[in-house]
Amino acid sequence: MNNYDDFLLVITVIIVFLILVCVSIVIFIIKSRNKIFKKELEKKNLEIEFQNQVLQKTILAREEEQKRIAEDLHDDISSKLIATSLNLFLLKSKETKEENKEGIINNIVEINKRTIEITRKIAHDLYPPVFEKFGLIPALEELFSDYNKTNAVKIKFNSNIKFKNKASNKQLQVFRIIQELINNSIKHGKASKIDINFNAQEPFNICEYRDNGTGFNSEELENLKGLGCINIENRIKSINGNYILHSRPNKGFKIEFTFKLI
Amino acid sequence: MDNPFLVAFSISIFGLVFLFINVVIFFKTFKKNSNDKSYKNLVVYLSVYFIIELACNIIGYIEPNSNIFVSHFAFNIQFILLSLFFYSLFKKQFLKKLVIIVYIVFLITNALFYYNDSNLFWEFNLFEIVFSSFLIIIYTLIHIYNSLEEVKSYFYFTIGVSTYMLTSSVIFLSGNLELVFIEEPYIDIWVFNSLFFIVYQSLIYKEWKYIKSSNLNE
């Protein structure tokens, strides 16, 4: 009887013990799931916040672009057209002497010529017609030769990649990235020399870009949050590329990014 | 009749040797981890536990079945050392306080049990086994919960402790019944304890390897 009581006691204790352990494990699992779920939620929220920031920057970049076009139209084309109409008004006026009219006409022709040139340039900046017709490389070469003509900057360009002639959206993104990089080099870096190399290295194409500008400390995050940098980063992401950039104050700027073209 | 005993005994000795190896290797990397309080506590626990196991085996060898009283030392000392280990592992103050309060309550209640029935010393104390094991399992669960989505610290060890506590306590609880599974050849329930102990030691060894590799990475 005593043995039987002992046996019952032990079995009861074991069962109670196991139930206690099971209950605590169940509580542990539920709590852990909640914790993981919470952390996931936090991560998602951060992602959304980041995407919002990117969206904000994109909108801002568009506004900037529109402002630039408006300024171009206002400063360059409007002023020229006003000058033309002033000259035409003079031409029409009875008080203008016959011998002066020749000069005024020449003036109008000259202003018109320059207006056409500026219109072409603005259109070019917005969407290069060479790109549409001949693809990326000729468009880039034209862009570089335009810059080289100014003598403010010397751009060297090499490529061993064979692009399809047909212009694609991805090629346009590469064009825009280069355009933005050159803009930054001249505007912020005051660079006088720029080297650009395109290398085909299976499975990627690599673009290596370097300038001799003033540079900045690329390890400080604040420096990378400018409008231009975010734009470039987004464009590189949009062509499924990766990038490494390196810059030191007074040591120029260097970026390498990968891209795949179809 | 002699042989199965020998098998059980050699499995137990193998676990003991494994524990000894673990103590030695944990001492070897002691300097590198001397800043880690939990590591120190773990080394103390392993060393003391080795001494207890050694004593248990020697007494059991000289006079079979007279080593039950060693279990009281084993469970009590194990509980205080692992409480210390988890005390240093927990970061939140209220958990640290909880460990201390729980230990004091356990100690008083356990003392009352012995005061009530001094014969308890010569058999397995059910309260002692159940609560010390259960509380350690709770500590390990709290630790695993705390380290979710963070860098693993003493993950293998905590897994090892909790599984060993669970299995060994059930075996120790049934110790008073003298359960024998198979008469011929003679295999009693303690073989399983030795086997689980070896699993526990292998997880401790894995923990040491993990600590060593993270030391190298630093």
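The structure is a predicted model, in which local features need pLDDT of at least 70 and side-chain atom pairs count only at pLDDT 80 or more, while totals for chains, interfaces and linings use all residues. Residues are numbered from 1 along each chain as its sequence is written, chains are lettered from A in the order in which they are written, and side-chain values use heavy atoms, with hydrogens and water left out.

Across the interface of chain A and chain B, 2 residue pairs are in polar contact, both at pLDDT 80 or more. A polar contact is a pair of N or O atoms within 3.5 Å; within protein, one must be able to donate a hydrogen and the other to accept it, and residues adjacent in sequence count only if both atoms are side-chain atoms. By class, the side of chain A that touches chain B has 12 nonpolar, 2 polar and 5 charged residues. Here Ala, Val, Leu, Ile, Met, Phe, Trp, Tyr, Cys and Pro count as nonpolar, Asp, Glu, Lys and Arg as charged, and the others, Gly among them, as polar.

In terms of contact (heavy atoms within 4.5 Å), 19 residues of chain A meet 19 residues of chain B. The two chains bury about 1,800 Å² between them, 84% of it on carbon and sulfur atoms; buried area is the accessible area (1.4 Å probe) that two parts lose on being put together, summed over both. In chain A, the most area is lost to chain B by Phe17(A), Phe28(A) and Lys35(A), together 33% of what that side buries.

Chain B contains 7 helices and 2 strands, taken as DSSP runs (helices H or I, at least four residues; strands E, at least two) and numbered from the N terminus. From the N terminus on, its elements run α-α-α-α-α-α-β-β-α. Of the 218 residues in chain B, 48% are buried, where buried means under 20% relative accessible area, exposed over 50% and partly exposed in between (1.4 Å probe, protein chains only). Among contacts in chain B with a separation of 6 or more, 71% join residues 24 or more positions apart.

Over all chains the structure holds 45 aromatic pairs. Rings of Phe, Tyr and Trp (its six-membered ring) pair if their centres lie within 6.5 Å; planes under 30 degrees apart count as stacked, over 60 as edge-to-face and the rest as tilted. One of the pairs, Phe30(B) and Tyr39(B), is tilted, at 6.2 Å centre to centre and 50° between the planes. Phe30(B) is partly exposed at a relative accessible area of 25%, whereas Tyr39(B) is buried at 0%. The rings of Phe113(B) and Phe127(B) are stacked because their centres are 4.7 Å apart and their planes lie at 15°. Phe113(B) belongs to helix α4 (residues 93–116) and Phe127(B) to helix α5 (residues 126–146) of chain B, so this pair ties together parts that are 14 residues apart in sequence. Phe113(B) is partly exposed (35%) and Phe127(B) buried (15%).

Ring pairs also link a cluster in chain B that includes Tyr45(B), Tyr139(B), Tyr154(B) and Tyr200(B). Tyr154(B) has a positive phi of about 50° although it is not a glycine. Tyr154(B) sits in the loop between α5 and α6 (155–173) of chain B and is buried, with a relative accessible area of 5%.
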